[in-house]
Amino acid sequence: METMIREDIQALKRIQANLASCILGKTDEIVLLMTAMLAGGHVLLEDVPGTGKTVLIKALAKSIRGQFRRIQCNPDLLPTDITGVSIYHPKDEVFIFRPGPIMTHILLADEINRATTKTQSALLEAMEERHVTVDGETYDLPKPFLLLATQNPIDFEGTYILPEAQLDRFMMKFSLGYPDAETETKMILAQSVVHPLDELEPVVDSEQILAIQKQVKQVHLDEAVAAYLVAVTRLTREHGSIYLGASPRATLALVQASKALALIQERDYVIPDDIKFLVPYVLGHRILLTAEARMEGATVQSVLQSVVQQVKVPVRWEK
């Protein structure tokens, strides 16, 4: 196992270096994206246009030698535009399935909240079951499969709010944000001649990613650390400022994400700091605050910080 971990770590470092060459100054966000991929989860990126979301996702697809497809969501988009459709061929008297863009390793659903709720629901089966059903026939998605959806947090005209059931399917939600002045200066100088994405080379393949995903499941989660993790998610259901707490699916997502993060941090075991780092991104979009808490100026992030502070961290004493 130690040999496999060393090989995994080297592969992950190469991916991280590739992504960092395309998106400057976003170390934490790169780690979060890699964590979601290794944990088999999906990501919702909520950010204003032009912050590098598409570049980051394309860089990831290119780094793992994976197929990349992009869907520009709008109210006219139909479920079959995503999943594919069966077309009848009169000559052969058979229906032939024409796969949609979802048949890929990495799918970008741009501005997902502009698609109708019916079209959004077409993604649910793929996100949870890793297959799509068209005309009664089930088709498996390529492995690995990662859905990254984006939405604009300030533009609500012509949008359809994602239902809680669909939000709960996303393992993480985070944003890239604007770069600082120094980073933005480096960016324009680096891209004045050639875009880093054009020179990016694959550093692993999809089979290696599948192997690392299996390795993530073997990362050790101590019973005391597991109890700490459960205490955090359960407190969100009992906290006075929270109307809707984290679901059991959120608990499982936090477990898998913590294991993946531990492997990225070159460990084969989870520590409480892994959980603390991930809580805002894994639980933040899954909870709703009470009206009273919002009126008092509380935010999801501040309430989650309060939750983490209230849970006692397990400590092991060595003699």
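Student: Why is Tyr 88 called partly exposed?

Tutor: Tyr 88 has a relative accessible area of 40%, and because buried means under 20%, exposed over 50% and partly exposed in between, with a 1.4 Å probe and protein chains only as cover, Tyr 88 counts as partly exposed. This is a predicted model, in which local features need pLDDT of at least 70 and side-chain atom pairs count only at pLDDT 80 or more, while totals for chains, interfaces and linings use all residues. Residues are numbered from 1 along each chain as its sequence is written, and side-chain values use heavy atoms, with hydrogens and water left out.

Student: What makes Phe 95 exposed?

Tutor: The relative accessibility of Phe 95 is 58%, which is over the cut-off for exposed, so Phe 95 takes that label.

Student: How do you know that the rings of Phe 277 and Tyr 281 form a tilted pair?

Tutor: Rings of Phe, Tyr and Trp (its six-membered ring) pair if their centres lie within 6.5 Å, and planes under 30 degrees apart count as stacked, over 60 as edge-to-face and the rest as tilted. The centres of Phe 277 and Tyr 281 are 5.7 Å apart and their planes are at 55 degrees, so the pair is tilted. Both residues lie in helix 11 (residues 272–283), 4 residues apart, about one turn of the helix; a helix here is a DSSP run of H or I with at least four residues, numbered from the N terminus.

How values were computed
Helix = DSSP H or I, 4+ residues; strand = E, 2+ residues; numbered from the N terminus.
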